[in-house]
Amino acid sequence: MTKDSPNWTREAAQKLHDMPLMDLLYQAQTVHRANFDPNEVQMSKLLSIKTGGCAEDCAYCSQSARNGSKLSASKLIEVERVLSEARKAREAGATRYCMGAAWREPKARDMDALVAMVEGVKAMGMESCMTLGMLDDTQVVQLRDAGLDYYNHNIDTSERYYSEVITTRTFGDRLDTLNRVREAGIKVCSGGILGMGEEDADRIDMLVTLANLPEAPDSVPINMLMPQADTPLADVEPLDPIAFVRIIALARIMMPKSHVRLSAGRSEMTDEMQAMCFFAGANSIFVGDTLLTAENPEEDNDMALFAKLGIRPMRAEGHTCKEAAE
């Protein structure tokens with residue numbers, strides 16, 4: 001995906017963000033309809049393939065070994081177990097399968113298994129996505145050659161606020177990984193988390209950074225913090241729902257061709273809030289009852305909401321519904 005708009009300034013983005021809400025939503029929905037079917041939402045499934053014991057100190061994460069979490073560490077799970085779960089996800093309607101590991105970066109000994117996971121998911125007709133932390137040049141090529149479609153590496157927040165949340169790697173480290181992935185020809189999935197104590201300006205700056213990358217991310221996951229016990233952000237004040245909706249709308253306007261994904265936090269959202277997010281331009285969700293270690297709405301609840309809103313699942317790119325199920 002190439003960037004088809006001039007570089008965004010904070011001032012221009014702030015002006016949009018501060019518009020009367022109905023005007024902002026109208027503009028976002030207009031942009032959305034020009035680039036996507038407004039009644040289709042992409043369904044992705046996320047599986048934790050290695051949980052706990054992470055050496056990073058991300059203040060929001062229950063998998064960090066540094067922040068007092070009591071979550072025990074696991075080993076990388078077996079390839080066939082991953083593929084078995086992927087088959088279930090495909091049968092439930094998911095068109096993209098995402099695999100996440102809690103570590104700073106993969107080790108060389110992990111790469112054969114990771115490559116086999118990607119190849120197996122691709123053979124099922126689903127898009128593949130991984131989030132594995134930082135990657136070196138060799139690992140990026142291995143994953144690309146296996147057929148990896150997307151690599152998720154969130155920038156989390158603004159550069160200004162980043163060190164308030166994470167100290168074990170820099171904001172620049174995040175951008176370096178995104179550049180390495182993009183230059184290898186893998187599509188970028190990158191977004192952030194709202195509600196970590198940041199200001200409106202930080203949320204806007206995060207989107208400015210993403211929109212001004214050499215290529216806008218193909219997927220932009222927007223997470224609402226779900227405070228996890230035994231983490232530094234366990235007692236943070238909940239984010240105002242309208243503030244969240246404004247960022248969804250702003251992401252849609254600033255990155256018109258990207259999939260904007262409602263990620264963590266949906267279990268705390270009412271149907272009405274989710275409907276507003278879809279109207280604001282969100283067109284992707286994670287399905288299943290967990291996202292790594294956080295709760296997520298059950299698939300039956302999602303289908304009931306889709307039925308009420310007249311929304312249908314988006315087909316996999318390059319596949320008909322029948323092909324994707326075979």
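Predicted model: local features only at pLDDT ≥ 70, side-chain atom pairs only at ≥ 80, totals over all residues.
Buried means under 20% relative accessible area.

**Exercise 1. The chain as a whole**

Task: State how many helices and strands the protein chain has, and what share of its residues count as buried.

Solution: 
- The secondary structure comes to 12 helices and 12 strands.
- The protein chain has 326 residues, and 56% of them count as buried.
- Take the contacts between residues at least 6 apart in sequence: 75% of these join residues at least 24 apart.

**Exercise 2. Aromatic pairs**

Task: Find the aromatic pairs and classify the pair of Y162 and F171 and the pair of F278 and F306.

Solution: 
- Rings pair if their centres lie within 6.5 Å, and planes over 60 degrees apart count as edge-to-face.
- By this rule the count is 2 aromatic pairs.
- Start with Y162 and F171. Their ring centres are 5.6 Å apart and their planes stand at 75 degrees, so this pair is edge-to-face.
- Check burial. Y162 has a relative accessible area of 3%, so Y162 is buried. F171 is at 6% and counts as buried.
- Move to F278 and F306. Here the centres are 6.3 Å apart and the planes are at 80 degrees, so this pair is edge-to-face.
- F278 belongs to helix α10 (residues 271–279) and F306 to helix α11 (residues 299–309), so the pair ties together parts 28 residues apart in sequence.
- F278 and F306 are both buried.

**Exercise 3. Charges over rings**

Task: Which ring lies under the charged end of R96, and which ring has R261 over its face?

Solution: 
- R96 places its charged end over the ring of Y150, 3.5 Å from the ring centre.
- R261 lies over the face of F286, at 4.9 Å from the ring centre.

**Exercise 4. Helix α2 against helix α9**

Task: Describe how helix α2 and helix α9 cross, then follow L21 of α2.

Solution: 
- Two packed helices are described by the angle between their axes and the distance between the axes.
- Helix α2 covers residues 21–35 and helix α9 covers residues 241–254. Their axes come within 9 Å and cross at roughly 35 degrees.
- The crossing of α2 past α9 is left-handed.
- On the α2 side, the contact is made by L21, L24, L25, Q27, A28, V31 and H32. On the α9 side, it is made by I242, V245, R246, A249, R252 and I253.
- Sort these residues: 9 are nonpolar, 2 polar and 2 charged.
- L21 is found in helix α2. Its relative accessible area is 14%, so L21 is buried.
- Beyond its neighbours within four places in sequence, L21 is in contact with I242, R246 and M276.
- The C-alpha atoms of L21 and A249 are separated by 9.5 Å, although the two residues are 228 residues apart along the chain.

**Exercise 5. The loop between β4 and α6**

Task: Locate S158 and D156, and say whether each is buried or exposed.

Solution: 
- S158 is in the loop between β4 (150–152) and α6 (159–165).
- With a relative accessible area of 0%, S158 is buried.
- Leaving aside neighbours within four places in sequence, S158 is in contact with F171, D202, D205 and M206.
- D156 is also in the loop between β4 and α6. D156 has a relative accessible area of 2%, so D156 is buried.
- Now check the backbone. Most residues other than glycine have a negative phi. D156 is not a glycine, yet has a positive phi of about 75 degrees.

Note on methods
Residues numbered from 1 in each chain as written. Heavy atoms only, no water. Phe/Tyr/Trp six-rings, centres within 6.5 Å; stacked < 30°, edge-to-face > 60°. Buried < 20%, exposed > 50% of the residue type's maximum accessible area, 1.4 Å probe, protein only. Helix = DSSP H or I, 4+ residues; strand = E, 2+ residues; numbered from the N terminus. Lys NZ or Arg CZ within 6 Å of the ring centre and 35° of its normal. Axes fitted to C-alpha atoms, helices over the stretch in contact; angles between N-to-C directions. Left-handed = near helix turned anticlockwise from the far one by under 90°. Contact = heavy atoms within 4.5 Å. Nonpolar A, V, L, I, M, F, W, Y, C, P; charged D, E, K, R; others polar.
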